[in-house]
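Open the model in your viewer and keep the sequence panel beside it. The stops below say what to select and what is there.

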Amino acid sequence: MKRPILFAAAAALLTGCTQHTEEYVKLSDAICTFQCVDIPQTILINASGPWSVETGASWVRAEEQTDALVLSVDDNDSGTERSTEVRINSGRATAIIVISADKEGVEEIRIPISQAEAPDHHSTLTQDFDLNELGLSWARTTISPASPEDEMIIPSSTWEVAISSEGVNYNPNTGKFEGTGHQLKFTLVTDRIEQNEEQHYVIPDGEYVVGPVKPFPGNGELYYKDPFTIDLGQKTSSFFAPYKGFWYMELLADGSYGEMAPVITGTVTVTKLTAGYRFEFDLTDDASNRLSGTYEGAIGLYVYGVSIPD
């Protein structure tokens with residue numbers, strides 16, 4: 001379900017030339033597309049002699065190569081679409097990208113270039129979503145229980161839960177999930193759980209509410225998590241961990257993602273069964289789509305890297 005690129009304004013690069021006494025500039029047939037984030041585009045150039053480039057805005061960059069021009073743009077976080085002009089000159093011949101020719105009698109080639117505004121959401125979903133259709137069939141969960149002798153008394157514990165479909169695998173060498181399929185990843189917060197000799201660790205039954213972490217009373221730089229909550233999904237600027245909190249992801253074979261949606265509100269109801277657990281999802285993403293469904297099965301619990309029976 002890999003979706004087409006969204007929030008992009010595309011315009012055709014028209015083949016043609018402007019000539020004056022055997023002087024010319026010819027451009028390749030192509031499609032020039034800029035999203036709100038930078039993806040460089042290359043235009044092949046055939047000119048009668050040496051050529052140069054003029055850009056009409058500081059957010060456009062032009063790299064001149066032997067027979068090509070690479071255009072790139074700064075990320076657009078202005079909230080509005082923007083456009084500009086680029087001029088290619090060779091002698092008295094000119095190819096113009098959204099600009100009027102200033103040489104009398106010289107025909108111009110117009111190539112509109114625009115860049116879309118940044119989206120106001122990160123979900124790629126366009127409608128409500130039935131999680132039961134994803135084939136979620138297995139899970140991996142980790143918890144780091146507190147030491148009873150821990151002098152820093154933290155009142156809560158966190159359970160990192162990843163529920164996946166067949167085709168998704170966990171690579172212990174990289175600590176990452178690979179393969180193709182679907183996945184829900186989220187962090188359950190419970191009351192403080194300490195290490196015990198019986199290796200008995202159970203997620204408490206109840207309704208867990210999705211939402212933001214709260215500022216610590218009296219200190220706006222520290223944050224704490226209430227039991228029976230789940231961190232909401234957020235997109236971060238981190239290269240190593242750009243997806244934080246509660247996310248639905250479609251994993252693709254090349255390591256990228258197809259459909260995706262950060263969960264920002266809703267509930268997950270957890271029930272311990274004789275064998276495994278039942279998770280009931282009633283969620284909403286940042287595009288107001290509802291994600292609902294149920295997972296029933298083992299949670300694949302690991303404590304400090306050691307597999308523990310549910």
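Start by selecting Ser-147 and Arg-192: a polar atom of the Arg-192 side chain lies 3.2 Å from the backbone oxygen of Ser-147. The model is predicted. Arg-192 sits in the loop between β17 and β18.

Next, display β13 and β14 as a cartoon. These two strands pair in the antiparallel sense, over seven bridges. To find one of the paired positions, select Ala-139, whose bridge partner in β14 is Ile-163. Then bring in β28, which runs parallel to β13 and is joined to β13 by three bridges. Here, pick Thr-142 and look across to Tyr-302, the bridge partner of Thr-142 in β28.

Which residues have the most contacts inside the largest nonpolar core? Select Phe-186, Leu-188, Phe-246, Phe-279 and Phe-281; the core they belong to has 36 residues. Two or more of its residues come from each of β13 (136-143), β14 (156-165), β17 (181-191), β18 (206-211), β25 (257-272), β26 (277-285), β27 (290-297) and β28 (301-303).

Centre the view on Phe-186 and show its surroundings. Beyond its neighbours within four places in sequence, Phe-186 is in contact with Trp-159, Glu-160, Val-161, Ile-163, Ile-230, Gly-245, Phe-246, Phe-279 and Phe-281. Ile-163 in this list is also the bridge partner of Ala-139.

Now turn to the charged side chains. The count of salt bridges comes to six. Side chains of opposite charge can pair when their charged atoms come close.

Select Arg-61 and Asp-74 to see one of these salt bridges, with the closest N and O atoms 2.2 Å apart. Arg-61 lies in strand β6 (residues 60-64) and Asp-74 in the loop between β7 (68-73) and β8 (82-83), so this pair ties together parts that are 13 residues apart in sequence. Are the two partners buried or partly exposed? Arg-61 is partly exposed, with a relative accessible area of 33%, and Asp-74 is partly exposed with a value of 33%.

Arg-278 and Glu-280 meet through their side chains in a salt bridge, at 3.6 Å from N to O. Arg-278 is partly exposed, with a relative accessible area of 26%, and Glu-280 is partly exposed at 34%. The side chain of Glu-296 also meets that of Arg-278 in a salt bridge, at 3.7 Å from N to O. This second pair links distant parts of the chain, with Glu-296 in strand β27 and Arg-278 in strand β26, 18 residues apart. Glu-296 is exposed, with a relative accessible area of 54%. Keep the three residues selected together: salt bridges with shared partners join Arg-278, Glu-280 and Glu-296 into one network.

Notes
Residues numbered from 1 in each chain as written. Predicted model: local features only at pLDDT ≥ 70, side-chain atom pairs only at ≥ 80, totals over all residues. Heavy atoms only, no water. Core = buried A, V, L, I, M, F, W, Y, C linked by side-chain atoms within 4.5 Å. Buried < 20%, exposed > 50% of the residue type's maximum accessible area, 1.4 Å probe, protein only. Helix = DSSP H or I, 4+ residues; strand = E, 2+ residues; numbered from the N terminus. Contact = heavy atoms within 4.5 Å. Salt bridge = Lys/Arg side-chain N within 4 Å of Asp/Glu carboxyl O. Pairing = 2+ DSSP bridges. Polar contact = N/O pair within 3.5 Å; in protein donor to acceptor, adjacent residues only side chain to side chain.
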